[in-house]
Amino acid sequence: MRIITTESYQEMSLEATKIVAGQVYLKPTSVLGLATGSTPEGLYDNLVAVHRTIGLDFSEVTTFNLDEYIGMAPENPQSYHYFMHKHFFDLVNVRPENIFIPDGCAEDVPAACKAYDKLIREKGGIDLQVLGIGRNAHIGFNEPDVKFEATTHKVKLDDETIQANARFFEDEEAVPRYAISMGIKTIMLARHVILLASGPEKAEAVKKAVCGSVSPAAPASILQLHQDVTVIVDREAASMLPEEYQHGAHEIF
Ligand code: PGA
């Protein structure tokens, strides 16, 4: 695990952009695992800018998103389908047939989950997975639990997640209670993972992910067992880490 602590959200987004753009430049047929939420918005803005200014080509890239709310149609502005099209897919040249997001409206959710993992395998596996982190240290919608849920599955969202995500809805009641999420093994199978975090409300979760014991009670802690993870945080999100990790780049283990 490597950690890069930046001075600002913008700098965090820039470091992430270098890694994702470099991946696509070096391997135009890359399979990217993508995340939604406020954290990666700067990354998507930058990738769009790199596409427009120097023509970074996404036409052979395949993407798999981490999660989607159950019962949420793709055209619903609160859906993660909608988010991804608005912030990224509609602004670059990823081919529609290469875009995969869990189907929140699937009639048979377990079958859809199984098919999603199978499709990731058939496309050769994920080269680079982008992750945010929840205040409760979730990754994707893998909420704190007594065990790590391996494959793509249906999840019941934690109260903390519902409260955190209520800012995107009219009120807390409107936040869906269930989602489909890639599982921990699905994420761990990615060849390279970058985890982004910004702001003081993520400091505790970042500490658990980087320095805590590996436990399903803090799902992001599993990343300590991955052979190629880069954690990119701003100063505020790094504020509860040991002093030496609060500036610059470090190889942790
Ligand atoms: P956020 O969400 O980027 O909106 O903070 C991250 C997450 O919950 O994984």
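1. A residue counts as near a molecule if one of its heavy atoms lies within 4 Å of it. By that rule, G37, S38, T39, G132, I133, G134, H138, R167 and K202 surround the ligand.

2. This is a predicted model, where local features need pLDDT of at least 70, side-chain atom pairs count only at pLDDT 80 or more, and totals for chains, interfaces and linings use all residues. Residues are numbered from 1 along each chain as its sequence is written, and side-chain values use heavy atoms, with hydrogens and water left out.

3. What classes make up the shell around the ligand? One residue is nonpolar, six are polar and two are charged. Here Ala, Val, Leu, Ile, Met, Phe, Trp, Tyr, Cys and Pro count as nonpolar; Asp, Glu, Lys and Arg count as charged; the others, Gly among them, count as polar.

4. Look at the polar contacts (pairs of N or O atoms within 3.5 Å). A side-chain N or O atom of T39 is 2.4 Å from a ligand oxygen. For H138, a polar side-chain atom lies 2.7 Å from an oxygen of the ligand. R167 has a side-chain N or O atom 2.8 Å from a ligand oxygen. On its own the ligand has 280 Å² of accessible area (Shrake-Rupley method, 1.4 Å probe), and the protein covers 84% of that area.

5. Where does the ligand sit? It sits in the largest pocket, meaning that more than half of its atoms lie within 2 Å of the pocket's grid points. A pocket is an open set of points on a 1 Å grid where a 1.4 Å probe fits, with protein on both sides within 12 Å along at least five of seven lines; lining residues have an atom within 4 Å of a point. Of the 38 lining residues, G37, S38, N165, R167 and F168 are closest to the centre.

Key
A polar contact is a pair of N or O atoms within 3.5 Å; within protein, one must be able to donate a hydrogen and the other to accept it, and residues adjacent in sequence count only if both atoms are side-chain atoms.
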